Amino acid sequence: MAACSSVVFLLLAAFVAGASAATFTITNKCSFMVWPAATPVGGGAQLSPGGTWTITVPAGTQSGRVWGRTGCSFSGGSGRCTTGDCGGAFSCTLSGQPPMTLAEFTIGGAMDSYDISVIDGFNVGMAFSCSTGVGLVCRDAGCPDAYHQPPDRKTHTCAANSNYQVTFCP
């Protein structure tokens with residue numbers, strides 16, 4: 001039993017050692033203010049047109065999301081957004097309310113996975129890419145690069161240890 005536990009521990013240590021954090025660079029190319037949010041890491045930010053926000057996502061992050069909130073008004077860390085609101089919080093710890101265009105990802109292992117989803121509705125155009133994979137662009141609700149229903153097959157993969165770019169209004 002001890003030998004089995006040692007093997008499992010060594011395999012887990014090798015997996016963690018081979019994976020590293022990913023950097024997400026989020027840029028607002030819209031002509032209006034966007035308040036990007038990210039879960040389970042990242043929280044939230046306010047981006048003027050042309051602004052950039054960078055977050056670090058640790059290896060092993062599963063079911064991560066980045067989305068743009070619009071029509072927001074905050075005071076003292078709380079407020080409200082017209083689209084993508086996450087319980088009135090500036091720094092989101094839970095997912096936003098539809099409609100919202102989502103960049104979805106899982107980081108770690110031999111390959112990362114990523115996609116754009118409009119299952120929860122469309123609120124702002126988005127491009128999403130990794131440093132070693134296909135660039136996805138979604139400019140409207142009929143976007144062919146996005147998931148529209150759960151059975152759609154729109155997930156892409158990247159080599160592990162890739163970095164990502166999310167652009168609003170590409």
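A residue counts as buried under 20% relative accessible area, as exposed over 50%, and as partly exposed in between. Keep that in mind as you work through these exercises on a predicted model.

**Exercise 1. Classify F74 and F90 by accessibility, then describe their pairing.**

Step 1. F74 has 24% relative accessibility, so F74 is partly exposed.

Step 2. F90 has 26% relative accessibility and therefore is partly exposed too.

Step 3. Now look at the rings. A search of the whole structure gives seven aromatic pairs. One of them joins F74 and F90, with 5.2 Å centre to centre and 85° between the planes. Planes over 60 degrees apart count as edge-to-face, and the pair is edge-to-face.

**Exercise 2. Work out why the pair of F128 and Y164 is called tilted, and which strands hold its partners.**

Step 1. The ring centres are 5.9 Å apart and the planes stand at 40°, so this pair is tilted. The cut-offs are under 30 degrees for stacked and over 60 for edge-to-face, with the rest tilted.

Step 2. F128 belongs to strand β10 and Y164 to strand β14, so the pair ties together parts 36 residues apart in sequence.

Step 3. Check burial: F128, at 0% relative accessibility, is buried, and Y164, also at 0%, is buried.

Step 4. Widen the view. F128 and Y164 share one aromatic cluster with F24, F105 and Y114.

**Exercise 3. Find the residues that touch the most other members of the largest nonpolar core, and follow the contacts of F24.**

Step 1. The core has 30 residues, and F24, F128, Y164 and V166 touch the most other members.

Step 2. Strands supplying at least two residues each include β1 (22–28), β4 (52–57), β10 (126–130) and β14 (164–168).

Step 3. Beyond neighbours within four places in sequence, F24 is in contact with residues including W53, I55, V66, F105, F128, Y164 and V166.

Step 4. A second, separate core of six residues includes W67, C86, C92 and L102.

**Exercise 4. Describe the lining of the largest pocket by strand and by class.**

Step 1. The pocket holds about 150 Å³ of space. Among its lining residues are R65, E104, F105, Y114, D115 and T155.

Step 2. β5 (64–69), β8 (102–106) and β9 (111–117) each give at least two lining residues.

Step 3. By class, the lining comprises two nonpolar, five polar and three charged residues.

Terms used
Residues numbered from 1 in each chain as written. Predicted model: local features only at pLDDT ≥ 70, side-chain atom pairs only at ≥ 80, totals over all residues. Heavy atoms only, no water. 1 Å grid on protein atoms, 1.4 Å probe; cavity = no way out; pocket = protein on both sides within 12 Å on 5 of 7 lines; lining within 4 Å. Points joined across faces, edges and corners; volume = space filled by probe spheres on them. Helix = DSSP H or I, 4+ residues; strand = E, 2+ residues; numbered from the N terminus. Nonpolar A, V, L, I, M, F, W, Y, C, P; charged D, E, K, R; others polar. Core = buried A, V, L, I, M, F, W, Y, C linked by side-chain atoms within 4.5 Å. Buried < 20%, exposed > 50% of the residue type's maximum accessible area, 1.4 Å probe, protein only. Contact = heavy atoms within 4.5 Å. Phe/Tyr/Trp six-rings, centres within 6.5 Å; stacked < 30°, edge-to-face > 60°.
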